[in-house]
Amino acid sequence: MTPYTARAAIPFFLSPLCDDPDLAARMTRACADVLRSGVYVLGPQVRAFEASLSAMLDAREVVAVSSGSDALCLALAALGVGTLGGGRADDEVMLPAYTFVACAEAVLAAGAQPVFVDCGAGGFLPSLEAHRAAHGGRTRAVLAVGLFGDASGLPALAAYCRMHRLWLVEDIAQCLGASCAAPGEPARMAGTWGDAAAMSFYPTKTLGAAGDAGALAFADARHARQARLLRNHGHEANEHLCLGRNSRMDELQAALLQIALETFPEALARRRRIASRYLAAWAAVPGLTLPPDHVGHAWNYFVVTLDSGVHRDALADALAQEGIATRVYYSIPLHRHRALAAVHGGASLPHSERLAQCSLALPLYPALNEGEINRIVDILPMALRHATVAAAMTARSES
Ligand SMILES: *Cc1c(COP(=O)(O)O)cnc(C)c1O
């Protein structure tokens with residue numbers, strides 16, 4: 001057994017601000033500067049942050065907004081998909097069934113129709129075949145989600161969209177910093193494959209603000225210009241050129257994000273080191289399937305899937321008993337939510353439904369210390385044995 005130097009309990013997530021006093025002090029000073037500046041929304045901090053993000057994303061045009069959810073909606077509108085952006089109400093957007101609800105909300109908020117695509121048999125991301133099966137005559141765009149930090153689906157989807165003249169919108173809320181490559185080609189960052197990319201800086205994401213914030217990156221400067229209008233009521237030079245919304249980023253978040261960007265490469269490297277530890281330590285542990293380990297994975301979340309003999313709640317309880325918090329992403333696939341069932345109809349998407357039953361996210365974030373990592377590594381196999389016994393006992397008492 002490895003010696004423990006852990007805090008009493010290991011939270012599912014801890015902000016680096018709570019872990020690093022120097023970082024907290026720098027951010028506090030940056031906030032004070034913004035407060036004294038008298039400029040609080042869409043000012044010099046936001047412009048500087050947009051420029052830094054653009055430099056990271058292959059010089060794409062970056063538009064900072066108020067959240068990842070708004071970024072998704074404005075991405076579609078800026079591309080002219082759905083009624084908000086001047087498109088048609090029956091414009092269809094393909095998106096995964098197994099993802100965060102904001103993806104479907106954004107399609108509907110943009111005035112378009114979501115079409116849910118099932119995961120492949122062997123992972124969290126929908127396959128190209130599943131997209132082909134869902135592709136119809138009104139399909140205008142693909143929303144590609146880099147779920148849990150895995151951007152590996154992007155090259156194939158980018159090629160598919162090019163061939164079929166569909167817009168590709170990347171949802172990189174969970175995979176900012178990830179990279180991937182088409183066969184035989186150099187790797188490229190997530191966010192540089194599609195026509196538009198939507199980012200979230202919600203605190204738990206790979207680049208976290210101290211509140212809500214998001215951004216867009218575009219291949220075409222005309223789409224970026226449209227998004228700039230839409231995020232601020234269509235306002236330009238004392239006129240409203242179109243109707244939009246209030247999706248502006250504030251100066252405080254931009255100032256904090258500028259500081260977070262400075263240590264972003266180290267934060268990503270730390271996420272990757274922790275994931276490597278987990279993958280190596282649990283490679284032969286019975287009862288669970290580890291997440292696919294693609295080159296360039298950003299490891300926003302470390303999500304395992306449990307074999308049918310393992311009781312998920314019992315495993316989460318056993319880990320909680322040891323002070324290790326877990327979370328379920330996502331317990332209901334989008335097409336099974338009451339609010340979205342009418343949009344989808346009754347058809348089964350079996351792989352998404354199975355994952356919703358058997359996936360469990362374990363703590364993985366840069367502020368985890370070595371003692372905590374060792375503790376998680378050691379406790380998981382033990383908790384799994386416990387949850388497997390619990391499942392056997394439940395099965396016996398039910399028969
Ligand atoms: C977090 C997230 C969003 C929404 O971002 P917010 O900033 O919380 O609005 C969208 N899509 C995915 C995949 C996410 O994880």
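**A walk through the pockets of a predicted model**

Hi everyone. Let me open with helix H9, which gives the largest share of the lining of the largest pocket, namely five residues. Before going on, please keep in mind that what you see is a predicted model.

Let's stay with that pocket for a moment. The largest pocket has a volume of about 510 Å³. Its lining is made up of 29 residues, and those closest to the centre of the pocket are Pro 16, Leu 23, Thr 263, Ala 267 and Pro 366. If you look for elements that give two or more residues to this lining, you will find helix H1 (21-37), helix H8 (251-262) and helix H9 (264-281). What is the lining like by class? It has 17 nonpolar residues, along with eight charged and four polar ones.

Where does the ligand sit? Its place is the second largest pocket. Helix H3 (68-78) and helix H4 (102-109) are the elements that give two or more residues to the shell around the ligand. Of these, H3 provides the largest share of the shell, with three residues.

Let's look at that shell residue by residue. The ligand is surrounded by 13 residues, and the closest are Ser 69, Asp 171, Gln 174, Ser 200 and Lys 205. By class, the shell has six nonpolar residues, five polar ones and two charged ones.

Which atoms of the ligand do these side chains approach? Take Asp 171: one of its polar side-chain atoms lies 2.7 Å from a nitrogen atom of the ligand. For Gln 174, an N or O atom in the side chain is 2.7 Å from an oxygen atom of the ligand. Ser 200 also has a polar side-chain atom 2.7 Å from an oxygen atom of the ligand. And how much of the ligand does the protein cover? On its own, the ligand has 380 Å² of accessible area, and the protein covers 92% of that.

I'll finish with two spots in the backbone. As background, most residues other than glycine have a negative phi, and most peptide bonds are trans. Ala 59 has a phi near 65 degrees, a positive value in a residue other than glycine. You can find Ala 59 in the loop between helix H2 (44-56) and strand S1 (61-65).

The other spot is a peptide bond. Is the bond from Tyr 329 to Tyr 330 cis or trans? This bond is cis, and its omega is near 0 degrees. Tyr 330 belongs to the loop between helix H10 (312-321) and helix H11 (338-344).

Note on methods: Residues numbered from 1 in each chain as written. Predicted model: local features only at pLDDT ≥ 70, side-chain atom pairs only at ≥ 80, totals over all residues. Heavy atoms only, no water. Near = heavy atom within 4 Å. Polar contact = N/O pair within 3.5 Å; in protein donor to acceptor, adjacent residues only side chain to side chain. Areas by Shrake-Rupley, 256 points an atom, 1.4 Å probe, with all protein chains shown as cover. 1 Å grid on protein atoms, 1.4 Å probe; cavity = no way out; pocket = protein on both sides within 12 Å on 5 of 7 lines; lining within 4 Å. Sits in = over half its atoms within 2 Å of the grid points. Helix = DSSP H or I, 4+ residues; strand = E, 2+ residues; numbered from the N terminus. Nonpolar A, V, L, I, M, F, W, Y, C, P; charged D, E, K, R; others polar. Points joined across faces, edges and corners; volume = space filled by probe spheres on them.
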